Amino acid sequence: MTRRMLTKFGLTFAILATLAGCGGAFQDKNVYRIGILAQPTAGNFWGIHAIANYWDLAVQSPMRLSLFGVSDQRFQIIPQLAADFASPLIPEGDAWVSTVKLRDGVRWSDGKPLTARDVAFTLNTALRFGLAGGNWSAWADADYLSAVEAVDELTVKFIYASKPGMARHEWGTLLASIAAEHYWQPLVEAAVEGMTGLERPAAGADDKIWEAYQARQAEAAEKLYALANKNEPVSGAFVFSKEEPGSFIELAANKNYFFSGVAFTGFENGAYQEEKPKGYSFAAYGTPEGEKSYAYKSGPFVSKTVYSVYSDLNAAVLALQSGEIDILLNPQGLPSGLAESVESDSNLEVVKNESVAFRFLAFNTRRDPMKDAAFRQAVATLLDREFLTDSILQGAAYPLHSFVPEANTAWHKPDLPRWGYLPDGTPMSREERVTKAVELLVAAGYSWSDDTIPVWDANNGVAAATGTLLLPDGEEVPALELLSLSYGYDPLRATFAIWTAQWLNEVGIPVRVKQLGFNALIARTIQEQDFDMFILGNQAGLFPSYLSDFWRSSEAVKGGRNAGGYSNRAFDQLSDQLLTCATYEECKPVADQIQVLIANAVPWIPLFDTGIYEVYNKRLAFPYTQTFGGLQYLYGLPSVVAIQ
Amino acid sequence: MPDPRGWKSETVMRRYVVLRLGQIVLTYFLFLVLIYFLLEALPGNFLGALFGESRLTAGQLDALGAQLGLQGSAAERFLQWMGGFLRGDLGISLSQYPRPVMEILAERAPRTLALFLAATLLSFSFGFFAGKILAMRRGTAFETTVTVGGITLYTVFTPWFALWLLWIFAYALRLFPVGKFITYEMWEAGAPDANAVFRHLLLGGLMLAMVAWAVFRRTARLIPARKRAVRTASIAAALLVFCGYWIVTGQAAYVLDILYHMALPVLTLTLISFGGTMLLTRSSMLETMREDYVLLARAKGLPESEIRDRHIARGALLPVVTTLVFSLAFAIGGGVITESIFSWEGMGYTLMEAVTLSDIPLAVGAMAFTGLLVLAAHLAADLLYAFLDPRIRYG
């Protein structure tokens, strides 16, 4: 019996080994193989931009073009489908208008020309169906954008109800991906055939009329999102080829891609240039001369890009090491430990970039003592970020001092006021921090319950407070709670929370840490807004309008971005200016003022970032690998990557 | 024993089945209420989970919430969901908007069923076989070694073990792929839909099982030598037809590719779960071995292998089969860890993703599906009891 069983097992193993031999025989050398960590949602053009997640955008972005895009590395606005920059906004009756001229000769993947009608159709459809959420909120904000008109085949006119500013116009509507009218219009019309009530009510209409209108729009949007999009013509470097849900998505090179062979050059002096052989030449942001920071020609140089789904990060890294995939997309990059573990692999290259994410500590400024800027400044002073990142976390993170990352050179303001630093910029010692924090609190009227003040205990290396902090009115500071993610979810943030609480307790501020899961933390902070302090993370955008969302008064509502309820008229005014300023020269000083105001008022304390580690197979040749947000932020650059 | 009410045994059984079906409907409704409100009670909601990845403002989130139907109380949403459920509509997934939940489950269930049915049947066969041997060789070094090995594997930390196997077989030896269920190069344009192949595979497996069942029933009274010959020939013929179908329809290579991808996860699942069946079989066999009829068989001079397989193992089968039936039902639920590590996007992985993202319609839909099968399995186990043990009668 045993021998018979062994024979059976041997036979099974032999069959499997034979099958194993077949596995590697199929690999096509000119295919760019990208690993992704979740199955895209399979929504259509309209749906994925409403409920966009990273994986959807990663797969969609190589297939789409917009009127404008951003330049490599510097992230300046540059024309894409547009032939040049948009005309300045000018008043026309009650409205504000701007026109954009399209490039001649751009074709959809099915060979039909891409015209102004496609642009108008895309944005007017979004407005008609009230598409909300995701990218549509920025691309087709109905509070500003009224309509888009095709003036002629290559001229588009944008009509705004009120002056939009750079945030809504250049960094909003003009960045919209464009859909093919000839493909979508019949489908869209068939989907809403017979539906009434989709006409926008007059401005002063009754609330009930508006509610009914919005309900109809939601109903219509649902039909729109459900439309099939197989064989949809696209304008990007790749076209959809095949999908096996849960396994892979395959894109094939678009033979009609307009930018194939176009040379892109960035210069050290900030200038940008692109040239299409026997086509056009375009330059902006200075004279294209001197040293180049990057220069490359656009592909696609691969016949296909295949996105393979791996549900586990460790398994995906094994797939990288075994050569099943060339690169792994993950918005968080690789944990440093995992990146270090593959560094010795001769087939793999590890790169590190500054990430777009940041972690912060937020105060509930509706409550005592967090409502007091002096208290917040004292907390910021006590928080020794360098000690945590360098000594405790051993370089796994680095301290942040601004909510606009340094790598976002166009908008970052250097030399912001910092708490816990000496005038020459060096971090204070623990003793200096305690002394300074106590000084700030005393100056603001705080005292301690036993009429003493915390002093530095040099022997034990800690601050020793015998009493509890009293508010300026003499009341004891209530027991505070610092909410943080658990060690299991994010050990870095949990470590920051534990040490912060310890440093605050040392000076008589009663704080205890409560660790929660992500959903529970979001529920307590953003949705219920029942907290004293919390540590979370967020992402910085390229245009700093996100600063406005974080702290403007109108967002201090349940579910709003300003969970801490920070309210400052000066900030709100600057925030309004940032959303309405029309040029970089006009917007930059406003962004600078906002950064200074926040650095002084500290409604949030920027804590740290980890940077982003990425690993790719050395057979890939990228035009550059050092870029803000890493290659992940550019979705792996499939349209320009070459295979060596 | 005749029924005291004078009813025929078929009538008694029919009555029992109807009664159990009534109980199942009630239990199922309570189960649905419980899971819906438990999931609703979890902290956070879908918009909160979405918020973590985007820069939506409060107004934009409100508008999105309205589009996704997330307004109203939990009770209102449950009633709405229940109404849809009764019409056969499990709603729309939030995390994969606007895909219907039913479509997602139909996409993922065949993959999970194929993987976990194969693994369950293999681990039970292996466990039952090992348990039989252990019971007969109790007190030997072999028993100690296999028992310790089985228990070690049964209690091993599954993610670590799965990754370890993946590292050895997929990375170091390059024998198997690093997860997933197909090799994309094989499934490019022109290839059949992977899910269709999975469905055919399951259907083929079911037909093979039915053929095997029929052959075993038909040949039960033949003399042993003839019985073995007829059974082997019949099963071989069925397998030949089965394989022939794949070859003729041009799907053989795709089926082999799926089997190739299944090998490592099935091996992992078998290794970590056969120990349970093995120990259950062993203890059940040891109990049965004390029965008088086993003593009688030995006294009659029957060969030891026949006593073991026909007398002891048959009697010890009852608890093992019951466990197997439940395991088969739970196979639809898949396994979060195995499916994640082997990138086998099935029901377990779907459920985990749905719960993590607070996608209530998808999570409830997945659990409702699993719950239904488990309750059906309960009924099947009860009926199997009566079939396997003629002493058991319901009424």
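In chain A, contacts (heavy atoms within 4.5 Å) between residues at least 6 apart in sequence join residues at least 24 apart in 69% of cases. The model is predicted: local features need pLDDT of at least 70, side-chain atom pairs count only at pLDDT 80 or more, and totals for chains, interfaces and linings use all residues. Residues are numbered from 1 along each chain as its sequence is written, chains are lettered from A and ligands numbered from 1 in the order in which they are written, and side-chain values use heavy atoms, without hydrogens and water.

The C-alpha trace of chain A spans about 90 × 80 × 60 Å along its principal axes. Of its 644 residues, 58% are buried, that is, under 20% relative accessible area with a 1.4 Å probe, protein chains only.

Over all chains, 69 aromatic pairs occur. Rings of Phe, Tyr and Trp (its six-membered ring) pair if their centres lie within 6.5 Å; planes under 30 degrees apart are stacked, over 60 edge-to-face, and the rest tilted. Phe531(A) and Phe534(A) form an edge-to-face pair, at 4.9 Å centre to centre and 80° between the planes. Both Phe531(A) and Phe534(A) are buried. They belong to a cluster linked by ring pairs, whose members include Phe358(A), Tyr546(A) and Trp604(A).

Charges also sit over rings, with NZ of Lys or CZ of Arg within 6 Å of the ring centre and within 35 degrees of the ring normal. The charged end of Arg103(A) sits over the ring of Tyr280(A), 4.3 Å from its centre. Lys276(A) lies over the face of Phe258(A), 4.1 Å from the ring centre.

Note on methods
Buried < 20%, exposed > 50% of the residue type's maximum accessible area, 1.4 Å probe, protein only.
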